[in-house]
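Grab your viewer and a pencil. Here are some exercises to work through on one protein model, each with a worked solution.

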Amino acid sequence: MSRRSDLHPDVEAMLTALEAGFPDVTEHDPRELRDIIVSRRAPLTRQPDMAIARDLTIDGPGGDLALRVFVPHRDSDDGNRSGGLPVVVFAHGGGFVFCDLDSHDEFCRSMAAEVGAVVVAVDYRLAPEHRAPAAMEDVYRALCWTSENISGFGGDPHRIALAGDSAGGNLAATTSLAARDRNGPKVCAQVLLYPVIDDDFDTASYRDYGVGFYNTTKAMRWYWEQYAPQGRHSALVIPTNADTLAGLPPAVVATAELDPPCSAGEEYARLLAAAGVPVIAHRFDGLFHGFLTFPQLSLTPPAREKVWQMIRDILAATPADENQRSAT
């Protein structure tokens with residue numbers, strides 16, 4: 001098929017390369033698919049240095065749960081009066097089926113360094129071996145562990161945000177709902193990066209960009225069948241099924257124009273705002289699903305800086321002292 005003629009040449013080249021090199025996920029067993037994707041993973045050309053980058057294992061709902069904690073180097077004036085940095089609990093993308101701590105290692109390091117935050121990446125259980133809401137329950141457990149333990153890494157337990165890209169954006173949104181409804185740890189912000197919000201495959205962005213732009217409608221249907229073949233009525237699987245979105249943490253919602261889930265992400269931002277939730281929303285025009293994890297793309301560094309600034313802004317809008325008062 002022919003794509004839009006107004007795409008940036010680097011975007012067109014990247015989409016062509018991805019079309020040739022990324023497997024059709026629907027044609028593979030999920031376990032085989034993970035091996036294929038790892039074997040084709042490009043070597044890292046940069047790995048931002050951290051003061052601490054530590055792998056941990058905690059007790060999770062389904063057994064051992066692996067985390068990776070990134071602590072950036074600090075200037076003398078970083079943090080609040082008590083010295084704690086804001087914290088981001090991060091869920092990676094990958095259609096609920098693949099990717100891991102290593103696939104998003106560079107992205108988490110860059111986030112920690114540029115936002116000035118401790119990042120806790122979660123190696124949640126993958127589908128289809130573990131159906132919904134297993135992944136969300138793992139992220140929720142990681143949130144609880146972080147609230148109880150992150151001060152030991154220089155993080156502020158009263159300033160914890162949830163974040164994720166793609167399927168991880170879904171997990172950040174649904175875990176925010178779980179934390180609210182279970183009276184769990186207070187979440188100061190949710191950061192949803194081209195999030196997979198729902199299973200409506202007939203939105204404008206699915207119709208316009210469902211074929212030929214890396215992430216496809218066919219693949220998205222398959223991902224949902226792996227993760228949640230049943231039970232999608234639950235708000236812990238599709239957040240728009242919640243009775244109300246009121247009382248959720250302030251949100252950053254970043255979408256990509258050429259991404260089938262774009263319309264749903266934008267609609268979720270509108271629904272949050274209508275429920276009284278502060279929202280910082282931005283659509284990256286001319287960019288495709290997953291672009292933030294392609295640092296070699298020329299348009300990614302400036303787009304990342306926009307994302308880092310939005311995260312810094314949403315964290316700054318919820319001062320540590322205010323969070324501490326509301327959590328006590």
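Some ground rules come before you start. This is a predicted model, where local features need pLDDT of at least 70, side-chain atom pairs count only at pLDDT 80 or more, and totals for chains, interfaces and linings use all residues. Residues are numbered from 1 along each chain as its sequence is written, and side-chain values use heavy atoms, with hydrogens and water left out.

**Exercise 1. Work out the strand order of the open sheet, and find its edge strands.**

Step 1: helices (H or I, at least four residues) and strands (E, at least two) are DSSP runs, numbered from the N terminus. Two strands pair if DSSP finds at least two bridges between them.

Step 2: reading across the open sheet, the eight strands run 1-2-4-3-5-6-7-8, and the pairing is mixed. Strand 1 (52-60) and strand 8 (279-284) are the edges, each pairing on one side only. On average, neighbouring strands are turned by 20 degrees against each other, direction ignored; the axes are lines fitted to C-alpha atoms, for helices over the stretch in contact, and angles run from 0 to 180 degrees between N-to-C directions.

Step 3: zoom in on strand 5 (residues 155-165) and strand 6 (residues 189-193), which pair in the parallel sense over five bridges. Leu162 has Gln190 of strand 6 as its bridge partner.

Step 4: Contact here means heavy atoms within 4.5 Å.

**Exercise 2. Decide whether Thr175 is buried or exposed, and list what it touches.**

Step 1: locate Thr175 in helix 5 (residues 167-181).

Step 2: apply the cut-offs: buried means under 20% relative accessible area, exposed over 50%, partly exposed in between (1.4 Å probe, protein chains only). Thr175 has a relative accessible area of 0%, so it is buried.

Step 3: skip residues up to four places away in sequence, and Thr175 touches Met136, Val139, Tyr140, Leu143 and Leu162.

Step 4: look over at helix 4 (residues 134-149), whose buried residues include Met136, Val139, Tyr140 and Leu143.

**Exercise 3. Find the side chain that makes a polar contact with Ser110.**

Step 1: Ser110 lies in helix 3 (residues 105-116) and comes out buried because its relative accessibility is 3%.

Step 2: a polar contact is a pair of N or O atoms within 3.5 Å; within protein, one must be able to donate a hydrogen and the other to accept it, and residues adjacent in sequence count only if both atoms are side-chain atoms.

Step 3: the partner is Arg304, at 3.4 Å between side chains.

**Exercise 4. Classify the ring pairs Trp145–Phe153 and Phe288–Phe294.**

Step 1: rings of Phe, Tyr and Trp (its six-membered ring) pair if their centres lie within 6.5 Å; planes under 30 degrees apart count as stacked, over 60 as edge-to-face and the rest as tilted. The count by this rule is 17 aromatic pairs.

Step 2: Trp145 and Phe153 have ring centres 6.3 Å apart and planes at 55 degrees, so this pair is tilted. Trp145 is buried at 10% relative accessibility, and Phe153 is buried at 12%.

Step 3: Phe288 and Phe294 form a tilted pair too, with 6.0 Å centre to centre and 55 degrees between the planes.
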